[in-house]
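Here is a short briefing on one protein chain.

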Amino acid sequence: MKTVNYTSYGSPQVLTIEEKDRPEVGKKDLLIQVHTSLVTQGDRRLRSADFPALTWLPGRLLTGLFRPKNPTPGTVFAGRVVEVGSEVTSFSKGDEVYGNSMYGAYAEYMTVPESGTIARMPAGVGYEAAVALPYGALTALVFLKNLGNIRPKQRVLIVGAAGGVGRYAVQLACHFGAEVTAVCRGNNQLVRSLGAHHVIDSETIDFTKDNATYDIIFDTSGTYKYKDCEQALTANGRFLSLYLSLNLLFHMVLTTLFGKRKAIAGVALGTRADLDQLRDFAEAGVVRPTIDRIYPLDQIAAAHTRLETIRPHGEIVINVIPTFRSYPSDTAQNLPEGSEFASV
Ligand SMILES: NC(=O)c1ccc[n+]([C@@H]2O[C@H](COP(=O)([O-])OP(=O)(O)OC[C@H]3O[C@@H](n4cnc5c(N)ncnc54)[C@H](OP(=O)(O)O)[C@@H]3O)[C@@H](O)[C@H]2O)c1
């Protein structure tokens, strides 16, 4: 099978294409024919071992201290189950599935444990759109629902609203009935089209100096410290961040012990139940991906370079198998407007 390989951490050029045997399927595993994968900030971090301060050591221990432990990168997948282990009960051959994994998705075939973050894919959206969800949408769901305890009519502010997590945080917060303020650098039109009620351009307005207060401030950009935002939180407000810094850890401990406002960071380890909920949302049109560009697997290094240089405001999809031509469900027609193919 065709697969991406890397033997050292570094620039997109460490990613090379190789031929390898299909992975062995364990008793509790599924063998998935990967149709699409994604290039995310998470993939970039794993490729370059760029782990923020406090997560550096755990990150390296997890992925390989000096070089990658697992030679096949790629964390997000959508595809079809082609074989199941003898003890697998919840999936069958032929199921269309989507999910995420620590590695292995930049390949024509990958194995995933049945107990992993995997679920049946949304019907009718196609592999290119489905694969957009198990990263940004899953993270936004876990943070807003589980860590933010989001409720209808709350005032929610999302920093980095045009980004990979932010775009879904806006859509989901609107769906949960919140009044959503999106903070971004330009891009008013995009975040308004996702449903934001108010938009703040962070290059001209500093929301932390405004008088408005929010029940949830979700900083997906890592720009703000808890102390910067404290005055902009309601009495019971929550500050959520995707970045765990020493400063934030200090305030997490402090706000757990004292006061009603909370500082919260975490890792979005989504579950099958979360993916099932996202499937319902996708089928109902509650979450819509914004695809930036679709690359074939051979151009994986170019796709990673695009993420690093262009700051795209849409998903970079990897078409491991160019399904959009062969599926009569007409995946291509279901793609969001403006999607571009890097090659066909
Ligand atoms: N903890 C977790 O479980 C978890 C899960 C997923 C991701 N992450 C991490 O979270 C981070 C964000 O991921 P992502 O995929 O959303 O990244 P992304 O696509 O790069 O989005 C970040 C967004 O923040 C915006 N931004 C930066 N500074 C800003 C400012 N001062 N004001 C307003 N917006 C600002 C960027 O704007 P521009 O577009 O103008 O650059 C960009 O749109 C990554 O570092 C990723 O590794 C953590």
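Arg155 is partly exposed, with a relative accessible area of 29%. In this predicted model, the side chain of Arg155 meets that of Glu179 in a salt bridge, 3.5 Å from N to O. The whole structure holds 14 salt bridges.

**Arg155 and Glu179**
- The pair links distant parts of the chain, 24 residues apart.
- Arg155 sits in strand E8 (residues 155–159), and Glu179 in strand E9 (residues 179–184).
- Glu179 counts as partly exposed, at 31% relative accessibility.

**Asp274 and Lys145**
- Asp274 forms a salt bridge with Lys145; their closest N and O atoms are 3.5 Å apart.
- This pair also links distant parts of the chain: helix H9 (residues 272–283) holds Asp274, helix H4 (residues 133–147) holds Lys145, and the two residues are 129 residues apart.
- Asp274 is buried, with a relative accessible area of 5%.
- Lys145 is partly exposed, at 27% relative accessibility.

**Lys28 and Glu87**
- Lys28 forms a salt bridge with Glu87, with 3.9 Å between the closest N and O atoms.
- Lys28 lies in the loop between strand E2 (16–19) and strand E3 (29–39), and Glu87 in the loop between strand E4 (76–84) and strand E5 (96–100), so the pair ties together parts that are 59 residues apart in sequence.
- Lys28 counts as exposed because its relative accessibility is 53%, over the 50% cut-off.
- Glu87 is partly exposed, with a relative accessible area of 40%.

**Helix H8**
- Helix H8 has 12 residues (246–257) and should span 16 Å at 1.5 Å a residue; its end C-alpha atoms are 17 Å apart, which agrees.
- Which residues of H8 are buried? They are Leu248, His251, Met252 and Thr255.
- Seen down the axis of H8, these buried residues fall within an arc of 110 degrees, so they line one face of the helix.
- An α-helix has 3.6 residues a turn, so residues three or four places apart point the same way.
- Leu246 and Leu257 are exposed, on the other side of H8.
- Cover for the buried residues of H8 includes helix H7 (226–229), strand E12 (233–241) and strand E13 (262–265).
- Gly259 follows H8 and has a positive phi, near 80 degrees.

**Confidence**
- The protein chain averages a pLDDT of 92, and 93% of the residues score at least 70.
- Over residues 324–334, pLDDT stays under 50.
- For residues 324–334, the model has 17 contacts beyond four places in sequence.

Conventions
Residues are numbered from 1 along each chain as its sequence is written. Side-chain values use heavy atoms; hydrogens and water are left out. Helices (H or I, at least four residues) and strands (E, at least two) are DSSP runs, numbered from the N terminus. The expected span of a helix is 1.5 Å times one less than its number of residues. Buried means under 20% relative accessible area, exposed over 50%, partly exposed in between (1.4 Å probe, protein chains only). The arc is that of the directions from the helix axis to the C-beta atoms. Contact means heavy atoms within 4.5 Å. pLDDT is the predictor's confidence in each residue, from 0 to 100. A salt bridge is a side-chain nitrogen of Lys or Arg within 4 Å of a carboxyl oxygen of Asp or Glu.
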